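Reader: I have a new model to look at. Can you walk me through it?

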Amino acid sequence: MLRNLDAAFSALADPTRRAILARLAQGEATVMELTQPFEITQPAISQHLKVLEDAGLIVRRVEGTKRPRRLAKAGIDAMDQWLAMLRKTHQKNYDRLDEVLAAIEPKKGKAAR
Amino acid sequence: MSKMTLKTEGDTNVVVTRHFAAPPEALYRAHTEPKLIQKWMLGPEGWTMPVCISDARPGGKIRYEWTDGKGGGFHLTGEYLQLEPYGRIVHVERMHLPNPTPDNHVETRFDADGAGTLMTMRMTLPDAQTRAAMLASGMERGMEASYVRLEGMI
């Protein structure tokens, strides 16, 4: 799972790929449809799609000669869960910090609260 | 209740925000005074920070050493760049796992927010790949224990 996450976060480290994901979040799309909004070639888009596919973030379907892509729920969920885990670790620290702060007395010279 | 947010921003940033029911001065002290830092910056249950060096002046050294009490542990080193009591701290840090990770440039702000403080911590990694690695696996060794525990919670 960790290696997949490496690939997934690396895949996200590119604005074109993020834009592709944002488009796919609205629904399935063909390579042609995905190429239209960008000023780059179809082979370049295909290369980005390959990176996203290898990272487990999108999947393709066969429909005649077309290969429409859509978001891969499992891959997206895995990233979500990972961020949730990081959040929880920080949260635990900050919950402790709440207690530390409650015990800090104002410095001398300041009016007592 | 979820008071904290953790999100990515642009290609190289990670931003954490959290509201606290204490004035900025208390937050500032809890982030710079070793005796206070050792009480909360611990990560998962069971970990402690036996060594905490925080020389809070520009150029001052930072060194945190964590241990799980069972022979496991790792440390972090860094330097303070700017300190503006009680509103802003800028420092760089790197984890030693044991090889040092690329420098993480961190700006921590404490803004008065109602009766409390809004903390905004903006981490800037050298490049998108480094951020990806940090988000995906950078904390794994030190935080292994928490994964097992947290996996059951998500």
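Author: Start with pairing: two strands pair if DSSP finds at least two bridges between them. Keep in mind that this is a predicted model.

Reader: OK. How many strands form the open sheet in chain B, and in what order?

Author: Eight strands form it, in the order S1-S2-S8-S7-S6-S5-S4-S3. The pairing is antiparallel.

Reader: Which strands stand at the edges?

Author: Strand S1 (5-9) and strand S3 (48-54) of chain B. Each has a single partner strand, so one side of each is left without a neighbour in the sheet.

Reader: How much are neighbouring strands turned against each other?

Author: By 20 degrees on average, direction ignored.

Reader: Back to S3(B). How many bridges join it to S4(B)?

Author: Five bridges, and the two strands run antiparallel. S4(B) covers residues 61-67. Within that pair, Ile53(B) stands opposite Arg63(B).

Reader: Is H1(B) buried or exposed?

Author: Mostly covered: nine of its nine residues are buried. Among them are Glu25(B), Arg29(B) and His31(B).

Reader: New topic. How many aromatic pairs are there over all chains?

Author: Six. One of them is Trp66(B) with Phe74(B), which is stacked: 5.1 Å centre to centre, 25 degrees between the planes.

Reader: Why does Trp66(B) count as buried?

Author: Because its relative accessibility is 10%, and buried means under 20%. Phe74(B), at 9%, counts as buried too.

Reader: Which residues form the aromatic cluster?

Author: Trp47(B), Tyr64(B), Trp66(B) and Phe74(B) form one cluster.

Technical notes
Residues numbered from 1 in each chain as written. Chains lettered and ligands numbered in written order. Predicted model: local features only at pLDDT ≥ 70, side-chain atom pairs only at ≥ 80, totals over all residues. Heavy atoms only, no water. Buried < 20%, exposed > 50% of the residue type's maximum accessible area, 1.4 Å probe, protein only. Helix = DSSP H or I, 4+ residues; strand = E, 2+ residues; numbered from the N terminus. Phe/Tyr/Trp six-rings, centres within 6.5 Å; stacked < 30°, edge-to-face > 60°. Axes fitted to C-alpha atoms, helices over the stretch in contact; angles between N-to-C directions.
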